[in-house]
Structure formats: C-alpha cells, structure tokens
Amino acid sequence: MKPKTIIDKIWENHVVYREEGKPDLLYIDLHLVHEVTSPQAFEGLRQKGRKVRRPDLTFATMDHNVPTVNRFVITDEVARNQIAALERNCREFGIPLADLHSEEQGIVHVIGPELGLTQPGKTIVCGDSHTSTHGAFGALAFGIGTSEVEHVLATQTLWQHKPKTLQICINGRLGKGVTAKDVILAIIGRYGVGVGTGYIIEFTGEAIRRMSMEERMTICNMSIEAGARAGLISPDETTFAYLRGRKYAPKGEEFDKAVERWRALASDEGAEYDKTIEIDASTIAPMVTWGTNPAMSTSVDGVVPHPEQFESKTEQNAVRRALEYMGLKPGTPITDIPVQHVFIGSCTNSRLSDLRAAASIVKGKKVAPGVRALVVPGSQQVKKQAEAEGLAQIFIDAGFEWRDSGCSACLGMNPDIIPEGEHCASTSNRNFEGRQGKGARTHLVSPVMAAAAAIYGHFVDVRQLEAEPVC
Amino acid sequence: MKPFTIHRGKTAGIDRANIDTDQIIPKQFLKRIERTGFGQFLFYDWRYLSDGTPNPEFELNRPENEGATILVADENFGCGSSREHAPWALQDYGFRVIIAPSFADIFYNNCLKNGLLPIRLDKEDVRYLLRQSERADYELTVSLEEQRVFDDEGFSRPFDIDPYRKQLLLKGWDEIDLTFVYEAHIAAYERRHCPRP
C-alpha cells in the first residue's frame with residue numbers, strides 16, 4: 001500500500017460524502033466555541049429554527065473579553081453583553097460551558113488539551129485562527145469564521161477541499177536557551193508569512209520528537225502565522241503520556257485501545273509531501289521580532305535591518321513603515337531596545353512549562369525600574385498548579401503582576417492594553433500594528449526571553465544567563 | 001446570502017502586502033453581537049487620526065476613492081485572525097469585490113460565505129489595477145458567470161474560483177440548507193464511527 005501522511009489518514013477517516021467537482025463533506029469531532037466569534041452563529045440558528053446537532057461534541061469557554069483582575073466585574077458593557085450572550089446560548093442549545101466560575105475556564109486552546117478533549121486523529125475546529133494549536137496531538141485542527149461556526153453547529157460537518165501538504169523537518173538538537181517559540185519564529189522569519197498558504201504543515205524531525213507536548217503546542221499554534229490552514233505533529237509516546245488520566249481522555253482498557261489506533265495515525269515511512277523544508281536546529285538562536293508581522297524578526301544578537309537590505313520595493317516600503325511604527329532605527333542592536341512592558345501569556349506560551357521556564361530566569365531577581373510585567377496563566381488549572389509549585393510567588397516577589405486566566409494583552413480586547421509608543425516583550429503570537437493596543441510596539445519572544453527583558457529592562461541573550469532551578 | 005452575478009464599480013487601491021484582519025477591523029469593535037454595522041469601523045486605526053477626524057493620507061479617505069466598491073491590494077490580504085467581522089466590515093462599507101495576488105485561507109473562505117467576491121490575479125495585473133485606481137473615473141466590471149475581470153480600456157483577465165463556491169454565490173444559496181440534503185450520509189457516518197467527546 002502507498003505510504004500515507006497523517007494528514008491523508010485523518011482526512012480519509014472523516015469524509016462523510018464525496019462527489020466529483022465538490023469539496024469533501026468532512027465530519028467534525030470537536031467544536032470549541034468562545035464568546036467573540038459565536039453570537040452571530042447562534043443568532044443565525046435561532047432565526048431559522050435550527051438546533052445544534054451535537055452539543056456533546058461542542059465545548060465552550062470565555063477567554064477573549066475576560067478581565068484578568070476582578071474577573072467578575074466587567075465594566076465594558078458591550079463585552080459584558082457578549083459574555084452574557086454566550087451563557088444564554090449555551091443554556092438554550094445545551095452546550096457545556098466552562099464559565100468564569102468554573103475551575104476549567106481558560107484560553108480555549110489551553111483547556112482543550114488540558115481536559116483531554118483534544119486527541120489524536122480528531123478533526124477540531126473553532127472560530128479562532130489559533131485552533132492550529134491542537135495539531136500538536138496529531139489532530140487536524142483549524143480556525144473557521146462565524147458562518148462556518150454556524151454550519152458546524154447545525155450539521156457537525158464542513159465542506160472542505162483538501163489542502164496541499166508541507167513537511168517542515170527540524171533536524172538535530174536545539175542549543176541552550178533556544179525554545180519552541182524560537183523555532184517557529186525562525187521558520188516564519190526565513191520563509192515568510194505566506195509559506196504555508198494553501199498547505200497543512202506537518203512538523204517532523206529530531207528536534208520536534210524531543211519536544212514536550214507544550215512545546216509542540218507552541219509550534220503548531222503559530223502555523224497560522226506562516227499562513228497554513230493547520231499544523232500538526234504525528235502522535236508518539238509523549239502524546240499518549242500527556243493524555244493518560246485527563247478528564248475526557250478514554251479510561252482503562254479503552255485508553256490502551258485508543259493508543260493502538262493513535263499510533264497507527266503517524267505518517268508512514270516514505271510518505272510523500274507536496275513540499276518539504278529542512279532546517280538544522282543548531283542554526284536557530286533566540287529570536288526577537290522588530291517589525292509588524294511575525295516574519296520581521298532576527299536573532300537576539302542581530303540588529304534592526306535597513307530597508308535597502310530587502311529585494312522588492314513592496315518589502316522595502318513595508319519595512320520602512322514597520323520601523324516607523326516601531327520607532328526603531330536601522331542598525332540598532334536588538335539588545336539595545338528598551339522595554340517598558342512584558343507580557344507572559346496567550347495561547348502560544350501560557351502553559352505550566354512556559355511559566356516554569358520564565359520563573360527560572362526571574363527567581364531571586366527584580367523587575368527593572370520602569371518596566372510593567374504581567375504573567376497571565378493560560379487557564380485556572382495552570383494558575384492553581386503554578387501557585388502550588390511556588391512559581392506565582394517567584395513572579396510576585398520579583399515585581400510581576402500575577403493574574404487570572406484569559407487572552408489578556410495578546411489582543412487587547414479586555415482591560416489589558418499596552419499604551420501607545422511603548423515597547424512590549426510579549427510571548428504572544430502577533431505583532432501587528434495596534435494588536436496589543438493602538439500604537440503599542442510588540443516584540444514577539446519566548447517566555448525566557450520575555451522574563452530576561454523584564455529583569456534587565458531591555459532584550460538580553462538568554463544563552464548568557466544562568467537559570468535557577470524552580471521545581 | 002446576497003447572490004453575486006455581475007458587478008461594475010469604482011476601484012480603490014491600498015498598495016500594501018500582508019494587510020491583516022486586525023487592521024481591517026480592530027479588536028475593540030468585535031464585541032457587537034450582530035452581523036451588521038461594522039462598516040463605520042473598517043480600517044479604523046488607519047482611517048482616523050487620534051482626535052477622531054479622518055486621516056487625509058489614508059487611501060480610502062482620498063476623494064478619488066469615494067464610492068469605490070472594488071478594493072485592490074497586494075499579496076496575503078486578510079492574514080491573521082479568523083474574525084468574520086473583517087468581510088462584514090468590508091461589505092458593510094460598500095465593497096463587493098477584493099482583488100489581490102493572494103489571500104489568507106480563512107479570510108478567503110469567510111468572504112465567499114458572505115457574497116463578497118475575492119479574486120486572485122497575477123502580481124503584474126494587480127500592479128496595473130493599483131495604478132489605474134489612482135484615477136477617480138476608473139471602473140472595472142467583474143462577471144462571476146464568465147469568471148472575468150475587465151475594463152473599458154482593453155484590460156481583461158480570467159480568474160479561478162471553485163465551481164461549488166461559484167454556484168453558491170451565483171444563486172445566493174444558504175449552505176446549511178444544502179448540507180441538510182446530505183443528512184442521511186451524516187447520520188450513517190455517525191453510526192459507523194460513533195464520535196464522542
């Protein structure tokens with residue numbers, strides 16, 4: 001039999017109906033819902049008197065609008081309205097909801113895996129582009145718009161053309177201080193924000209195999225920043241070990257049977273991809289973005305580039321515009337850029353291992369004068385665990401603000417906003433103009449790089465720092 | 001969905017690549033629970049100065065672009081967030097067609113679901129249209145039936161679109177109603193696979 005990729009296998013398993021000249025009708029195994037992209041979809045159902053076909057395969061939480069201090073006091077009336085609408089919709093249509101009172105609440109892409117809802121081989125959608133995160137488990141997971149949310153609610157299916165396949169193979173091992181975040185930023189930096197457009201990416205290679213599930217989630221999370229429809233990683237022992245014992249994962253004998261099925265999903269030896277890119281892990285350094293899209297980055301020992309270094313007029317203009325927005329001069333060493341804000345959080349980097357790594361840099365030190373630093377755990381469970389381990393205290397002692405879970409300053413839809421003109425070392429995923437607040441200057445970095453920037457007040461090369469053991 | 005068959009209208013150009021959905025509709029406007037009324041917030045941070053007055057430098061505020069219904073931009077248009085508020089805002093503002101060398105996948109799909117037609121043309125053709133868009137009197141015709149974009153001055157280009165999506169757009173059909181036709185297939189799939197949480 002012809003060797004197959006995991007993408008082929010999951011796709012074929014989910015075709016409900018196929019006809020020449022039409023996209024495939026694909027079954028959706030898990031539909032995650034949040035407050036921002038769902039109200040119009042529920043309204044659409046109501047107007048036509050339609051029901052939710054499989055509320056049991058749907059799971060909702062609130063994360064985008066949620067304040068991370070005084071979470072029950074939402075002063076923004078429109079935001080409050082949207083949260084109330086989600087509560088009402090979930091009640092009316094019988095959808096399980098992790099609301100603000102729930103211990104399971106958190107960023108939708110943090111809680112799906114944490115609760116074991118995310119499993120290998122599933123098709124997973126959510127009205128959020130970072131749904132690609134769940135691909136870390138060997139699931140086919142992608143973001144959809146509100147019309148598609150309505151379609152999935154009503155039919156549990158989507159009409160989809162199969163995208164092309166792109167293999168990105170990270171050979172070898174990562175150096176000290178180099179993280180999953182640096183790997184994905186380096187990929188986007190080298191190949192551009194459009195490299196994955198029209199593709200599903202499968203990440204392979206030794207460096208990926210050696211990563212924990214949380215690191216793999218960081219990589220898959222930002223596949224969308226490379227333009228890809230989805231990003232995924234074939235499941236292995238690391239995946240199975242993570243899932244064992246989670247609330248919604250199969251139990252006992254069922255789990256062992258599931259593992260057998262999951263193991264067979266991995267891409268076959270010799271499977272063909274439409275395109276393959278190979279990267280040597282040892283060439284990747286800690287990364288910092290200097291511009292206004294995630295490809296505008298360099299290694300921490302680099303400098304802000306000159307627009308003339310770029311080939312096309314369009315690129316040169318984009319770089320000029322970006323540098324003006326960022327208030328940066330060409331030739332400035334990255335380590336000379338002062339930082340006034342630090343944000344550790346978001347669906348990219350707010351999990352326990354991210355907080356442990358950041359705390360190992362922060363332990364016993366103080367946030368630099370003039371820097372405001374936030375740590376926003378990805379879920380209430382992460383928060384609880386971090387408090388139990390003493391991580392929260394390390395951050396608080398150093399002068400960080402320790403918050404409740406939510407999307408927070410990643411997108412400034414809630415009170416956590418970065419002021420105009422200020423530089424923010426952020427562990428989030430998008431450095432677009434105005435993303436963290438109008439005029440805010442975002443630099444995407446890893447949790448250890450963000451932690452170090454908080455302590456020094458500017459970017460520093462974490463490879464030259466000693467980490468303190470924290471647990 | 002409003003059917004799309006043929007459209008003639010004025011073009012407006014924004015000569016930038018990677019225009020993301022955070023620019024098209026900034027996040028502070030995503031809290032509404034309706035599908036309508038987003039046009040006033042389109043490109044908000046580019047369109048208005050800090051004091052709330054229109055930014056005269058921004059392309060859509062130039063007098064020659066008043067009343068434009070076809071937007072022309074550079075590659076990777078609509079990248080970033082999956083927010084369908086982006087096509088809602090473009091449409092509510094008055095656009096019926098977006099032309100670019102490439103689009104982000106989710107944005108492209110979102111447009112088609114709303115009767116807003118995204119058209120991919122070669123880079124050189126887009127350059128030509130961006131230049132022409134600087135004129136106040138330049139108009140373009142888009143025929144979905146013929147899959148062709150043309151002007152009165154000899155420019156005429158075919159474009160690709162998935163036949164299934166084309167049909168839906170031409171008829172303005174509700175996709176969910178169509179999918180219900182396959183209900184028996186969905187039920188059979190569920191019996192075979194027993195999907196559960």
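This report describes selected features of a predicted model with chains A and B.

## Helix α1 of chain A and its cover

Helix α1 of chain A takes in residues 6-13, and Ile6(A), Ile7(A), Lys9(A) and Ile10(A) are its buried residues. Viewed down the axis of α1(A), these buried residues fall within an arc of 165°, so they line one face of the helix. The elements that cover them include five strands of chain A, namely β6 (123-126), β7 (140-143), β9 (164-171), β10 (199-204) and β11 (230-232).

## A four-stranded sheet in chain A

Strands β9, β10 and β11 of chain A also belong to an open sheet of four strands, in which the order is β11-β10-β9-β12 and the pairing is parallel. The edges of this sheet are formed by β11(A) and by β12(A), the latter made of residues 275-280, and each of these edge strands pairs on one side only. With direction ignored, neighbouring strands of the sheet are turned by 20° against each other on average.

The pairing of β9(A) with β12(A) is parallel and extends over six bridges. Within this pairing, Asn171(A) has Asp280(A) in β12(A) as its bridge partner.

## The annotated cysteines of chain A

An unreviewed UniProt entry carries the annotation "binding site" for Cys347(A), Cys407(A) and Cys410(A). Although these positions span 64 residues in sequence, no two of their C-alpha atoms are more than 8.7 Å apart, so they gather at one spot.

Cys407(A) is placed in the loop between β17 (401-402) and β18 (423-426) of chain A, and Cys410(A) is likewise in the loop between β17 and β18. Is Cys407(A) buried or exposed? With 20 or more other C-beta atoms within 10 Å as the criterion for a buried residue, Cys407(A) counts as buried because 32 such atoms lie within that distance; Cys410(A) is buried as well, with 30 other C-beta atoms within 10 Å. Leaving out residues up to four places away in sequence, Cys407(A) touches Asp63(A), His64(A), Ile107(A), Ser346(A), Met413(A) and Asn414(A), while Cys410(A), under that exclusion, touches Gly345(A), Ser346(A) and Ser428(A).

## Overall build of chain B

Chain B has eight helices and seven strands, and its C-alpha trace spans about 60 × 45 × 25 Å along its principal axes. Of its 197 residues, 42% count as buried. When contacts in chain B are taken between residues at least 6 apart in sequence, 70% of them join residues at least 24 apart.

Strand β2 of chain B (residues 70-73) runs parallel to β3(B) and is joined to it by three bridges, with Ile70(B) standing opposite Val97(B). Strand β4 of chain B (residues 117-120) is also parallel to β3(B), joined by four bridges, and here Ile98(B) has Pro118(B) as its bridge partner. Two right-handed β-α-β units involve β3(B): one is made of β2(B), helix α3 (residues 85-93) and β3(B), and the other of β3(B), helix α4 (residues 105-112) and β4(B).

## Thr11 of chain B

Thr11(B) lies in strand β1 of chain B, which covers residues 6-14, and is buried, with 22 other C-beta atoms within 10 Å. Which residues does Thr11(B) contact, leaving aside its neighbours within four places in sequence? They are Ala68(B), Ile70(B), Val72(B), Leu129(B), Gln132(B), Ser133(B), Tyr138(B) and Leu140(B). Of these, Gln132(B) is 121 residues away from Thr11(B) in sequence, yet the two are 8.3 Å apart in space, C-alpha to C-alpha.

## Contact between the chains

The contact between chains A and B takes 55 residues from chain A and 44 residues from chain B. On the side of chain A that touches chain B, at least two residues each come from β1 (15-17), β2 (24-27), α2 (39-48), α3 (77-93), α5 (146-155) and α11 (313-326) of chain A. Helix α5(A) gives the most to this side, with six residues.

Definitions and conventions. Residues are numbered from 1 along each chain as its sequence is written. Chains are lettered from A and ligands numbered from 1 in the order in which they are written. This is a predicted model: local features need pLDDT of at least 70, side-chain atom pairs count only at pLDDT 80 or more; totals for chains, interfaces and linings use all residues. A residue is buried if 20 or more other C-beta atoms lie within 10 Å of its own, exposed if 12 or fewer, and partly exposed in between; C-beta atoms are placed from the backbone. The arc is that of the directions from the helix axis to the C-beta atoms. Two residues are in contact if their C-beta atoms, placed from the backbone, lie within 7 Å. UniProt positions are given in the numbering used here, feature names are shortened, and annotations may be inferred rather than shown by experiment. Two strands pair if DSSP finds at least two bridges between them. A crossover is right-handed if, with the strands pointing away from the viewer, the path from the first strand over the helix to the second runs clockwise. Axes are lines fitted to C-alpha atoms, for helices over the stretch in contact, and angles run from 0 to 180 degrees between N-to-C directions.
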